[in-house]
Amino acid sequence: MKRYLIAFSFALLAPSAFAHAMLESASPPVGGAVESPAEIRITFSEGIEPKFSGVALSGPGGAIPIGKASVEAGDDKVLIVKVGRKLTPGTYTVKWRAVSVDTHRTQGDFAFTVK
Amino acid sequence: MSHLLNGALGAASALALGVATLPSAYAHAICGSRIFPATLGIDDPGVGDEIALPTASYLPANGNGANQAAISFNYTKTIFPEFGLSVGNGATFQNGQGWGRNDLTLGAKDRVFCLPDRELMASVGVGVDLGKTYTNGMGNDFNTLTPALDVGLGFGGLPKTLNILRPFAITASVGENLPDQRFTNANQNPTNFNWGFTIQYSLPYFNANVAEIDNVFIKRLIPITEFTFQRPVANFDTLGPAVTTGTIQPGVIYEGNGWQAALEAALPINAASGRGVGVVGELHFYLDDLMPDTLGRPIFGAKK
């Protein structure tokens, strides 16, 4: 029990050490309008496991093939997916799923517009 | 899970004691893209390893006209990933009577389903108020069993043309207090029906799914209004006509990483529920986030 109490105390002192990975920001921005992006970057509240995380992109013509998910070197909170081709103007939807480093799963989707 | 006990069971104590109750809080729950936060008035639809510590409330005047304050905690431990047991306790102060410890409350709750794409989840639970575990008159001399159903629905499934409405969610809870004695010391112990619902607008959901919010504080807020009601439905004929009591609780929840803080006003719906504007607040810790390898994982069936 003493071990648990000590662990609990540390957990409260460092409350952002482990948690579900929530989307903090993205590029292209959630709901934003941009030129055709070369990549999709999603910044989460927690570090993620790229092997179990991913992104699907769809647009006016349906699903769009994109690259495998990776994390930014030195910052496992940033998920990066390369977009292999130039996107035509229109509205696109990003569906993401993330598994945080402590194995909690989250998911979400957002739209952006290519000008 | 604590609302099941401190709310619904509190309602039983409320009639027995003539005091107004401001229930303690419960667990957060994630279904698809939706986080249902722990709420103060009714239980949320999820099951998790969590602790509400403390939940504090104040009413200028309860149903008997007495100034009242209360403080409590509730701890939930998952046994299986979707099944948890809880324990809660607290103390209540009434002007003229002083402080007294409330009855010990125990609970069991099971998440029945979660439909991620629909952001729809439900759970069933049962709570037990253990009579005669109180001090200074702040509990009951009988046990009370309270089965309950909790449901949550996010609006994220709405079409993108209604994007601004997608952060909305509603949760609801229904339950019934079932005392194990019809009379105690010649006092009738009524069966109460409890129900309530919340309307919440999640700015974290807005930030992640609709449009980004630059302000790091605002994008973690969830404005919410809770509605909680109780009404005797059986075994109350010597107590006079049935009167519905309850509170309306507008407020806001701040979602941290692994914890949340909530603050709500408490507006009694009638004189039988109290008078004046009360307040209820809570700190809530999600142990599955804070301690995923120890206290925050189920005893059986953990994925890791």
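In this predicted model, A26(A) has I42(A) in β3(A) as its bridge partner. This contact belongs to the pairing of β1(A) with β3(A), where 4 bridges join the two strands and the direction is antiparallel.

Strand β3 of chain A, residues 39-44, also pairs with strand β7 of chain A, residues 75-82. That pairing is antiparallel as well and extends over 5 bridges.

E72(A) lies opposite D75(A) of β7(A). The two strands β6(A) and β7(A) make a hairpin with 2 residues between them. In the turn, G74(A) has a positive phi of about 85°.

Taken together, these strands form an open sheet of 4 strands in chain A, ordered β1-β3-β7-β6, with antiparallel pairing. β1 (23-27) and β6 of chain A are at the edges and each has a single partner strand, so one side of each has no neighbour in the sheet. From one strand to the next, the twist averages 30°. Strands of a sheet pair through backbone hydrogen bonds, either parallel or antiparallel.

A further open sheet in chain A has 5 strands in the order β2-β9-β8-β4-β5, and its pairing is mixed. Its edge strands, β2 (33-34) and β5 (62-64) of chain A, each pair on one side only. Inside this order, strand β4 of chain A, residues 54-59, is joined to strand β8 of chain A, residues 90-99, by 5 antiparallel bridges. S58(A) stands across from T93(A) in β8(A).

| Strand pair | Sense | Bridges |
|---|---|---|
| β1(A) and β3(A) | antiparallel | 4 bridges |
| β3(A) and β7(A) | antiparallel | 5 bridges |
| β4(A) and β8(A) | antiparallel | 5 bridges |

As for confidence, chain A has a mean pLDDT of 84, and 83% of its residues reach 70 or more. Residues 1-18 of chain A have a pLDDT below 50. Beyond near neighbours in sequence, this stretch has 21 contacts in the model. Where pLDDT is low, the predicted coordinates should not be read in detail.

How values were computed
Residues are numbered from 1 along each chain as its sequence is written. Chains are lettered from A and ligands numbered from 1 in the order in which they are written. This is a predicted model: local features need pLDDT of at least 70, side-chain atom pairs count only at pLDDT 80 or more; totals for chains, interfaces and linings use all residues. Two strands pair if DSSP finds at least two bridges between them. Axes are lines fitted to C-alpha atoms, for helices over the stretch in contact, and angles run from 0 to 180 degrees between N-to-C directions. pLDDT is the predictor's confidence in each residue, from 0 to 100. Two residues are in contact if their C-beta atoms, placed from the backbone, lie within 7 Å.
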